[in-house]
Structures are given as C-alpha cells and as structure tokens.
Amino acid sequence: MKHAFDAKGGKITVVVRRRDDDVVVQVDDDGLPFLDAAPSDGHGLGLGLVRRLVSSCGGKFHQPPSGSKTFEIVVPSGQSAS
C-alpha cells in the first residue's frame, strides 16, 4: 500500500477461490505500476516475506506477468474436491 498509492487512496481487490484441491488468492490494485526490476527480482522485504510464508505452507507464489500487477498465490487446501 505504501508504494502502490503514493500517499493517495486507492482500491485493492482480493479474490479467493477454489481450483481443484487448491485455494487461489489473487491480489490486484489500481495504484502505481511496479518498477521494472521489482517484481522479477523478488529481493524486496515484502515480496521476500510473502514468498517465504507461502512456501512454508506448501504453496506457490506467482508474480505478475509483464504489464500486470496481479499476484497469484496458490495453496493446497488440504481437502479433496468432491
């Protein structure tokens, strides 16, 4: 929030859904775009923390593709889909 909105208000959208045996969380905002190096290097404190937390529960972190700001986190639900 600190970097995306540059001290202005904004909108953050979080979508949580189930895909097969996983829980998928997508996060997007209408704030400023990433600097070119930020999403791909993953060395920032915030991105590093997210990656470690997601990895600790067996999940995967998908950074935004070029031109997008939507992150996707995929975590096993621990339940089989019926």
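Which residues make up the largest nonpolar core? In this predicted model, the core consists of L47, V54, F61, F71 and I73, five residues in all. The legends below start with the whole chain and then turn to its parts.

**View 1. Overall arrangement of the chain, with two helices and four strands.** Read from the N terminus on, the elements of the predicted chain follow the order β-β-α-α-β-β. The chain has 82 residues, of which 21% count as buried, and its accessible surface comes to about 6,000 Å², with 57% of that surface belonging to carbon and sulfur atoms. Among the contacts in the chain with a separation of 6 or more, 49% are accounted for by residues 24 or more positions apart.

**View 2. The open sheet of four strands, in the order β1-β2-β4-β3.** The pairing within this sheet is antiparallel, and its edge strands are β1 (residues 12–19) and β3, each of which pairs on one side only. With direction ignored, neighbouring strands of the sheet are turned by 15 degrees against each other on average. Strands of a sheet pair through backbone hydrogen bonds, either in parallel or in antiparallel fashion. Here β1 is joined by eight bridges to β2 (residues 22–29), the two strands running antiparallel, while β2 and β4 pair over six bridges, likewise in the antiparallel sense.

**View 3. The hairpin of β1 and β2, with two residues between the strands.** Is D20 buried or exposed? D20 has a relative accessible area of 62% and is therefore exposed, since the value is over the 50% that marks an exposed residue.

**View 4. The largest nonpolar core, formed by L47, V54, F61, F71 and I73.** The elements that give two or more residues to this core are α2 (residues 45–56) and β4 (residues 71–76). Helix α2 lies across β3 and β4, and runs at about 145 degrees to β3.

**View 5. K69, in the loop between β3 (residues 60–62) and β4.** Why does K69 count as buried? The relative accessibility of K69 is 17%, and a residue is buried because its relative accessible area is under 20%. A polar atom of the K69 side chain lies 3.1 Å from the backbone oxygen of D29.

**View 6. G78, in the segment after β4.** G78 has a relative accessible area of 75% and is therefore exposed. In space, G78 and D22 are 7.8 Å apart from C-alpha to C-alpha, whereas in sequence these residues are 56 residues apart.

Methods:
Residues numbered from 1 in each chain as written. Predicted model: local features only at pLDDT ≥ 70, side-chain atom pairs only at ≥ 80, totals over all residues. Heavy atoms only, no water. Core = buried A, V, L, I, M, F, W, Y, C linked by side-chain atoms within 4.5 Å. Buried < 20%, exposed > 50% of the residue type's maximum accessible area, 1.4 Å probe, protein only. Polar contact = N/O pair within 3.5 Å; in protein donor to acceptor, adjacent residues only side chain to side chain. Pairing = 2+ DSSP bridges. Axes fitted to C-alpha atoms, helices over the stretch in contact; angles between N-to-C directions. Contact = heavy atoms within 4.5 Å. Areas by Shrake-Rupley, 256 points an atom, 1.4 Å probe, with all protein chains shown as cover.
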